[in-house]
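Keep the sequence and the 3D view open while reading.

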Amino acid sequence: MPTSSPPGRRARVLSPGTSRPSSEAREELRRRLLELIEGNRVMIFSKSYCPHSARVKELFSSLGVDYNILELDQVDDGANVQEMLSEITNQKTVPNIFVNKVHMGGCDRTFQAHQSGLLQKILQEESAYEYDLIVIGGGSGGLSCAKEAAILGRKVMVLDFVVPSPRGTSWGLGGTCVNVGCIPKKLMHQAALLGQALRDSRKFGWEYSQQVKHNWETMTEAIQNHIGSLNWGYRLSLRERGVTYVNSYGEFVEHHTVKATNRKGQETYYTSANFVIATGERPRYLGIPGDKEFCITSDDLFSLPYCPGKTLVVGASYVALECAGFLAGLGLDVTVMVRSILLRGFDQEVAEKVGSYMQQHGVKFLRKFVPVMVQQLEKGSPGKLKVTAKSTEGPETIEGVYNTVLLAIGRDSCTRNIGLEKIGVRINEKNGKIPVNDVEQTNVPYVYAVGDVLEGKPELTPVAIQAGKLLARRLHGASSEKCDYFSIPTTVFTPLEYGCCGLSEEKATELYMKENLEVYHTLFWPLEWTVAGRDNNTCYAKIICNKLDQDRVIGFHVLGPNAGEITQGFAAAMKCGLTKQLLDETIGIHPTCGEPCLRAGPQPSPPRDGLEGPQEASSAKQVQDQGPGEICQKLSI
């Protein structure tokens, strides 16, 4: 301990000794450590012989700042204390330093904070922050984090403001998923499925003579009414938990301080001990003449007050294909313009099957073209637009006339205009994503991030909700659990749904090499499709196993009705360490679309060129093996 003034005070923490404590004792140890952190202006966990610890003590002494010390080598339970500190902070080394409840980190980060002025700022603020936590962004991740922190007794604020799209569209509390993403997308997908069910129903004996047509305005009004009820529910939920909700645009102006600007331009300033960035993403534009003036995005589509008519969808992302799919299912003339591949990042064999099914059911594809200009030919609702596009493989250009052009070419993180540069938070300058460690902490100790703004993490609502909830628990001492970002299931709600969990075949090959993989797959024909006379060589399942790990299932892919419902169950099994043997030993539910996933056969080796060969070989064996009462995996020969 340094002799310079003021001297550091030695802290004590009681725990059950040197052996590994019971779960109850560990929780008691955690509580006592948090009391030390929250009860002292400066709390240093160190070891008496560590030179880095000595430097930090000298720094605080030179600043005239009193500090408390717990020398881990001087207490009987030092090893248990250090292990618990590692769980709380994700830092395994000493010194481990907290200033006014903010985890500064170790020696280097504390000196960096001193040089930048951040340390002095945190010291000066004492504990006079207005809030324990301010969340910037009222989407799924931000709301999850805010509500959990409030449940744990913290004073919390949510700042949320939707900047209108170029077409003037804005929405209420809840973020992308609720307002312009998952919820309206799934409901419009359901509307399209109901159209298909109507056509199927005649084969099942339903007779109706009147003409059946779809009314866009009726559908959008009903969907927007439902979304409005969700918006109100979120506001009520925050109010019930004591979370302050402010409908203003949040922007950092200095350390621990944000400026909130409402729609009237009025500015208010708030301070907080910690911040969570959960601002999400917005659709990207092409940067060509006419794109923002005449095109729409998913921000606008779900509340569009008129039927979009003949539509060009630009892009090949899941957003593009989902929107193209339900628009075509509602009876519209739809074309998809694709720059390169479908569903980048997903299994490409399955992605091409998705595209093939859509094409067979009326969606047109323009491959290897990109728009270069959009011109308005006629005003109206929807009006007429002329699109000029250029080939990506040569000088060829084409033109087409559409009523609506929907851009779905990707999304940009909303991180560039919230003042992050003023407090030193680093972002990826190329895409605006925020790099974080495995506890969602940025390079600035009191700033965290969750959701779609994270670099290298899945952009999915349930992921953001889980990460936000666990972050709040860690920040406020209720848990040390981290979000597991591996083997997260998802579903693409195209007309033929695509559910997946784990690795694509391409990614699995990259990580484990092809010779170490066994790929099982099968075609199947849903029973519901047989009487209706629908496609009998289309639905598909693929299981990817790691031969080096007892045939562990590392990739699950299914293409068919209700793929999301099927995938959710298999995802839980994969979380528990599912192997091919366990799949083989599982008795299926008959007749269901999940049943064939248990009986997928191996790919022939080496595979033949093209897609049909290996699938037919695998499926032919399945047809031979299955009895006449089971789902027939019939081949089109």
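A salt bridge here is a side-chain nitrogen of Lys or Arg within 4 Å of a carboxyl oxygen of Asp or Glu. By this rule the chain holds 35 salt bridges. The model is predicted, so local features need pLDDT of at least 70 and side-chain atom pairs count only at pLDDT 80 or more, while totals for chains, interfaces and linings use all residues. Residues are numbered from 1 along each chain as its sequence is written, and side-chain values use heavy atoms, with hydrogens and water left out.

**Confidence**

- The average pLDDT (the predictor's confidence in each residue, from 0 to 100) is 90 for the chain. A score of at least 70 is reached by 91% of the residues.
- Residues 1-7 have pLDDT below 50. Beyond near neighbours in sequence, this stretch makes 16 contacts in the model. A contact means heavy atoms within 4.5 Å.
- Residues 605-637 also have pLDDT below 50. Beyond near neighbours in sequence, the stretch has 59 contacts in the model.
- Where pLDDT is low, the predicted coordinates should not be read in detail.

**Salt bridges**

Helices (H or I, at least four residues) and strands (E, at least two) are DSSP runs, numbered from the N terminus. Buried means under 20% relative accessible area, exposed over 50%, and partly exposed in between (1.4 Å probe, protein chains only).

- Side chains of opposite charge can pair when their charged atoms come close.
- Arg-30 and Glu-87 pair through their side chains, 3.5 Å from N to O.
- Arg-30 is buried, at 4% relative accessible area. Glu-87 is partly exposed, at 21%.
- Arg-284 pairs with Asp-412, with the closest N and O atoms 2.8 Å apart. Arg-284 lies in the loop between strand E12 (281-283) and helix H10 (291-294), and Asp-412 in strand E20 (residues 411-413). The two are 128 residues apart, in distant parts of the chain.
- Arg-284 is partly exposed at 30% relative accessibility. Asp-412 is partly exposed too, at 32%.
- Lys-542 pairs with Glu-349, and their closest N and O atoms are 2.7 Å apart. Lys-542 belongs to strand E25 (residues 539-546) and Glu-349 to helix H13 (residues 348-360), 193 residues apart.
- Lys-542 is buried, with a relative accessible area of 0%. Glu-349 is buried as well, at 11%.
- Shared partners join Arg-26, Glu-27, Arg-30, Glu-83 and Glu-87 into one salt-bridge network.

**Second largest pocket**

On a 1 Å grid over the protein atoms alone, a pocket is an open set of points where a 1.4 Å probe fits, with protein on both sides within 12 Å along at least five of seven lines; lining residues have an atom within 4 Å of a point. Grid points are joined across faces, edges and corners, and a volume is the space filled by probe spheres set on the points.

- The second largest pocket has a volume of about 650 Å³.
- Its lining has 31 residues. Leu-193, Gln-196, Pro-495, Trp-529 and Arg-534 lie nearest the centre.
- Helix H8 (182-201), helix H12 (318-329), H13 and helix H17 (527-532) each give at least two lining residues. H8 supplies the largest share, with 9 residues.
- By class, the lining has 18 nonpolar, 8 polar and 5 charged residues. Nonpolar covers Ala, Val, Leu, Ile, Met, Phe, Trp, Tyr, Cys and Pro; charged covers Asp, Glu, Lys and Arg; the others, Gly among them, are polar.

**Backbone and loops**

- The Val-94 to Pro-95 peptide bond is cis, with omega near 0°. Pro-95 is in the loop between H3 and strand E4 (96-99).
- The His-590 to Pro-591 peptide bond is cis, with omega near -5°. Pro-591 is in the loop between helix H19 (580-585) and strand E27 (601-602).
- Lys-101 has a positive phi, near 75°, and is not a glycine. Lys-101 lies in the loop between E4 and strand E5 (102-105) and is partly exposed at 40% relative accessibility.
- Asn-562, also not a glycine, has a positive phi of about 55°. Its loop runs between strand E26 (552-559) and helix H18 (563-575).
- Gly-242 lies in the loop between helix H9 (216-240) and strand E8 (244-246). Gly-242 is exposed, at 53% relative accessibility.
- Gly-242 and Ala-150 are 92 residues apart in sequence, yet 6.7 Å apart in space, C-alpha to C-alpha.
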